[in-house]
Structure formats: C-alpha cells, structure tokens
Amino acid sequence: MSPLRVYLDSSDYSVLSNPRKKTTESKAIAHNLRGWLADGKIRCYFSGTHLSEMAPVDAKYAESAQQRTDLMVDFCGGHALISQDRLFEGELGHALRLTNQPPAVYSEKGDWFPSGIDDILPDRQQQIPGMIEEAIQESGLNRADRRKAERKALRNSKPRAELKATMLKNARTGSLDEILASYPMRRQDARILAKYVVGDATSEQALAAFMQSLQLVRETSRGTKPFH
C-alpha cells in the first residue's frame, strides 16, 4: 500500500515547532506524525510556498524560522511539490495534447523551484561597475566630488585593484546578513554567493550552492541543521 501523501500548512509547522505553544494535543499530533512517517504510512511534502512563508522578515524571528524549517525538513526531507508555473504549464500542455503524460506533481529530490532557475544568478560581475556608479550618484555628493569618487573607485569602467581587494575581503569574511535576510540558506552557501559576486567563485559553484540550499539538502551526519 502506497503511503498517504500529506501536505501540512505553514501554520501547522509553526504550532508544532514552537516550544511555547506545545500542548498535550500538539505533542500527540507530532508524535503520531513521526510514527506514521517512520512506519511508511504517510509521506509529507513541502512546497515553495512553505519556504517563502517561513523565511524570517526580521532578525528577531530567525530562531522561530529555524525551528519551523528544521521540523519541515524532518518531516519532508526531499519530498516536494513542483512549482505552480511548472504544474500549470504541464497541465495545459497535456490538456492541449501537446504531451502524452500529465506533469509529475511530486518530486523526491526537493525540486520545488520554478523553471528558469539559471536566470536567478545573473552575471553580477558585469553589473558591479554600474552598481558602483549608481551608488555614487545617489550619495548626495556634488558633481566634482562624484567624479573624484568615480575616478578613485573605477578605471576604464572597471573596479580599481584597491576596491576589488576590499570587496574580496568583505565577500570572504564580511557579514552575510543581507543574503540570509532574503533567502533561508545555509551560511556556507551564502558565503559562496557573496564570493561569486566579486569573482571569487565560479558561476557553477554559486548555482550549486544556491540549489543545495533551495533543495533543502541535508548534511550526511545525523542532526546537522540545513540553515545556520
């Protein structure tokens, strides 16, 4: 008999993972779910909606977001629902008889993300000079000081060696708060993305890091948390 597919709402993970909200009933529910999962009676699935709703909107919510995500990974592992755009595209194609099979709604490899994943990581290295110029223009300096700042930062429309060294140092050792505030990622993967922006990591490494975090790939050692 195939396991029953279960999709818990984000609020369910919030309640079941919050130690301050635990009741006799919620403890029993979590215990039963774990037992059914272990026995192969059910299989839990997550979706992209879960990830977007679980991402902390403020640093003070990071701990509760970690708790929700840990519980979701414990329950779901790599079992995911495909993204809505892929589902709609597949269903439309099947309805128009462009394909013989309906779309595969479930993924066992954490493949929840939308199509066009390669476009998520543009060549930021080509954008850096423009970003520097834009920051200088918005700095509030007068025209003469803006030109002086541009000459100090750029040479032939490329970052000068001193600026590149500073950017590289920041990417290797600086804060990851901005990246982690936008994406619920493992810290080591966020570091690779930061290094990629300044040319210290390849696009292949950056894409792999991004994909690993998005797919909720867990470390091989038992108990290692995916995001920290």
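Trainee: What covers the buried residues of H1?
Mentor: This is a predicted model, and in it the cover includes helix H2 (24-38), H3 and H4.

Trainee: Which residues of H1 are buried?
Mentor: Ser 10, Tyr 13, Leu 16 and Ser 17 are buried.

Trainee: How do you know that the buried residues line one face of the helix?
Mentor: Look down the axis of H1. The buried residues fall within an arc of 135°, so they line one face.

Trainee: What makes Tyr 13 and Phe 75 an aromatic pair, and why is it called tilted?
Mentor: Their centres are 6.2 Å apart. The limit is 6.5 Å, so they pair. The planes are at 50°. Stacked needs under 30 degrees and edge-to-face over 60, so this pair counts as tilted.

Trainee: How many aromatic pairs does the whole structure hold?
Mentor: Two. The other is formed by Tyr 45 and Tyr 106, at 4.9 Å centre to centre and 50° between the planes. It is tilted as well.

Trainee: What does the pair of Tyr 45 and Tyr 106 tie together?
Mentor: Tyr 45 lies in the loop between strand E2 (42-44) and helix H3 (48-54), and Tyr 106 lies in strand E4 (residues 106-107). The pair therefore ties together parts that are 61 residues apart in sequence.

Trainee: Why is Tyr 45 called buried?
Mentor: Its relative accessible area is 1%. Buried means under 20%, so Tyr 45 qualifies.

Trainee: Why is Tyr 106 called partly exposed?
Mentor: Tyr 106 has a relative accessible area of 35%.

Trainee: What sits over the ring of Tyr 106?
Mentor: The charged end of Arg 5 does, 3.9 Å from the ring centre. The distance limit is 6 Å, and the angle to the ring normal must be within 35 degrees.

Trainee: Ile 82 next. How do you know that Ile 82 is buried?
Mentor: Its relative accessibility is 17%. The cut-off is under 20%, so Ile 82 counts as buried. Its place is in the loop between strand E3 (80-81) and helix H5 (84-95).

Trainee: Which residues does Ile 82 touch, leaving out those up to four places away?
Mentor: Leu 87, Pro 103, Ala 104, Val 105, Asp 111 and Trp 112. The C-alpha atoms of Ile 82 and Tyr 106 are separated by 6.1 Å, although the two residues are 24 apart along the chain.

Trainee: What makes Cys 44 count as buried?
Mentor: Cys 44 has 0% relative accessibility. That is under 20%, so Cys 44 is buried. Cys 44 lies in strand E2. Beyond four places in sequence, it is in contact with Val 6, Leu 37, Phe 75, Cys 76 and His 79.

Trainee: Is Arg 97 buried or exposed?
Mentor: Exposed, with a relative accessible area of 76%. The threshold is over 50%, so the label holds. Arg 97 lies in the loop between H5 and E4.

Trainee: What is the phi of Arg 97?
Mentor: Positive, about 60°, although Arg 97 is not a glycine. Most residues other than glycine have a negative phi.

Trainee: Why is Arg 186 called buried?
Mentor: Its relative accessibility is 6%, and buried means under 20%, so Arg 186 counts as buried. Arg 186 is found in the loop between helix H9 (177-182) and helix H10 (187-197).

Trainee: Where is confidence lowest, and where is it highest?
Mentor: It is lowest in helix H6 (residues 124-137), at a mean of 63, and highest in E2, at 96. Over residues 118-122 the pLDDT is below 50. It also stays under 50 over residues 217-228. Where pLDDT is low, the predicted coordinates should not be read in detail.

Notes
Residues numbered from 1 in each chain as written. Predicted model: local features only at pLDDT ≥ 70, side-chain atom pairs only at ≥ 80, totals over all residues. Heavy atoms only, no water. Phe/Tyr/Trp six-rings, centres within 6.5 Å; stacked < 30°, edge-to-face > 60°. Helix = DSSP H or I, 4+ residues; strand = E, 2+ residues; numbered from the N terminus. Buried < 20%, exposed > 50% of the residue type's maximum accessible area, 1.4 Å probe, protein only. pLDDT = per-residue confidence, 0-100. Contact = heavy atoms within 4.5 Å. Arc of directions from axis to C-beta.
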